[in-house]
Amino acid sequence: RQDQRREQIRKDRDEISLEHAKVLKQKDNVQVRLERLEDRCRELDDLVRELTDEINELSAIRRRLLTEQTELQNKKTRTDSRLQSLKELVASGEGLDSGVRTVISEFRDKMNDLGKPFVSGTIAALYRTETKYETALASALHNHLDEVVVASEGAMISIRKHLKDGQYSRVVLRSLNDIKPDTSDQKDLITDLTPMIELVKTKNDFQSLFRKLLQGSYLVSSLSDPETLSRQYPELCLVDQEGNCYGPGTRRVITGKEDNRLAFRKRISEIDALTETAELLKNQLEAGYEKTVSISEQLDELTSQQGSRKADLLEVTQDRAVARRDQTHAENVFAGIEKRRKQLVDDEKRVDGELKSLSDKFDELAGKIQAGRDDKELSDDIQKWEKELELSISHGDEMREQLTEVRIRLRTTGEQVESATRESNRYREEIRNLTELSSRHR
C-alpha cells in the first residue's frame, strides 16, 4: 500500500506537470498574441493620428481656400458692378457731345451693303495702350478723341441727315476711305523721343488712321528736358508721361480733371483694366474651385480611410481586451496549478514521512508480536512442566520456586502481549484512517 500510494502521487504529479506545461504554453501563446495586438493597436493609433493631422491640415487649407474664394468672389462682384457701370456710361457716351451720343446710339448696329458697320466708334474707343502711357497718348490725341470714325462717305452723309440743328458743327466724322498711307519721315533716330504711334494697340483697319492722327507726336523720356527738345525740334508735338504737350512755340498742359473727352477715354481705359482684372479673378476663382474640389475629394478619401482605420482599431482593441482577459485567466490557472503542484510535492513528502513513521512502528510492533510468540511457546512449555510437576512432586521445593518464578514471568509476559495487541489494533486503525485520507486526497 505504501508503494501504491507513492506511485499514485507520482502519477498525480506527472499529470499536474503535463497540465502545468500545457497551461504555460497557452500562457506564452496568449502573451505573444497580446504583444502582437498591442503593436497593432499602436500602429493603428499612430495611423489614425496621422490621418487626423492630415485631415485637420487639409480642412484648414480648404477653409482658407473657401475664405479666399469668398474674398475673390466679392472682389469680382465689385469689379463686375464697376465694369457694368462704366460700360453703361461709355455706351451712353457720358461726357461726350450730345451729337456724338446720337450718332453712336442710332448707328451702332447698322451695316452697309458690304456688311460693315456704319460707325466704328469714337477715336477714344478704338485703341488700347499700357496704363503708364494712357495719359500721354490721350493728351496727344486730345482734339480727336471724340471724333466718330465711319466706314465711308455714304455713311457720313446718312449720319449727318440724322443730326439736329446745332449738332452738325459739333460732330466730327472721319471716313476711313479718306485716309492715305502715311509716308512722312518719322524721327526714329532720336533716342530721347518715342513715336506715339508705337504706343498704340489697335486693329489693322485703324493703323493708318492713328498714324495720321499721331504724325509728328513723340513721347519724351522722363530723363529729358521737354522744353529743350521742343526748341530743338520746333516742328514736333512732344508729350511727357504726365500728359503735358509742347508744340511749335506753344505749351499745353492737360490734367484731365475738367476735360470730358479725357474722362471718357479714362473710362474706356478703366474698362479694359477691369475686364482684365475680372478675367483674372474668374480664372483664379475657377482654379480655386478646382483646388477646393480636389482637396474635398482628398478629405473624403482620408475621412473614409480614417473611419476604416478607426473600425480596425476598435476591433483590435476589443481583441486586445479579450487577450488580456485570457492572459489573466491563464495566469490564474497557472498559479492554481503551480499551487496544486506544490501541494502534491508537500503531500508526497508528508506521506513519505508518515509512511516511514508507520513503517518504524510496524517494525517495532512486529518485534513485540514476535516477542509475544516466544512467550507463548514458553507458556506451553510451562504448562507441560506443570503437568510434569503435577505428575512428579518429587522435585520438591526447588521445583516449586522455579514454577512460581515462571508463573510470575508468564503473567508479566501475558500483560505485555495484551498491551502489544491493543497497540497493534490501534496502529491498524490509524493505517486504515490514513489510507482513507490518502484516497480522498487523490
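Helices here are DSSP runs of H or I with at least four residues, strands are runs of E with at least two, and both are numbered from the N terminus. On that basis, the chain has eight helices and eight strands. Some ground rules. This is a predicted model: local features need pLDDT of at least 70, side-chain atom pairs count only at pLDDT 80 or more, and totals for chains, interfaces and linings use all residues. Residues are numbered from 1 along each chain as its sequence is written, and side-chain values use heavy atoms, with hydrogens and water left out.

The overall picture, then. Of the 442 residues in the chain, 35% are buried, meaning under 20% relative accessible area with a 1.4 Å probe, protein chains only. Accessible surface comes to about 28000 Å², by the Shrake-Rupley method with a 1.4 Å probe. Carbon and sulfur atoms hold 48% of that surface. Now contacts, meaning heavy atoms within 4.5 Å. Take those with a separation of 6 or more: 74% join residues 24 or more positions apart.

Next, helix α4, residues 153-161. Which residues of α4 are buried? They are A155, M156 and I159. These cover an arc of only 100° around the axis, so they sit on the same side of α4. That arc is taken from the directions from the helix axis to the C-beta atoms. The buried residues of α4 pack against α2 (98-107), β1 (119-122), β2 (148-150) and β3 (173-175). On the other side of α4, I157 and K161 are exposed, that is, over 50% relative accessible area.

Over to α7, where Q306 is found. Q306 is buried, at a relative accessible area of 12%. What does Q306 touch, leaving aside its neighbours within four places in sequence? V48, L51, T52 and I55 are in contact with Q306.

Last, the cavities. On a 1 Å grid over the protein atoms alone, a cavity is a set of points where a 1.4 Å probe fits but cannot get out. Points join across faces, edges and corners, and volume is the space filled by probe spheres set on them. The whole structure gives two cavities of 30 Å³ or more. Two elements give two or more residues each: α3 (134-140) and α7 (260-391). The largest share, three residues, comes from α3.

Technical notes
1 Å grid on protein atoms, 1.4 Å probe; cavity = no way out; pocket = protein on both sides within 12 Å on 5 of 7 lines; lining within 4 Å.
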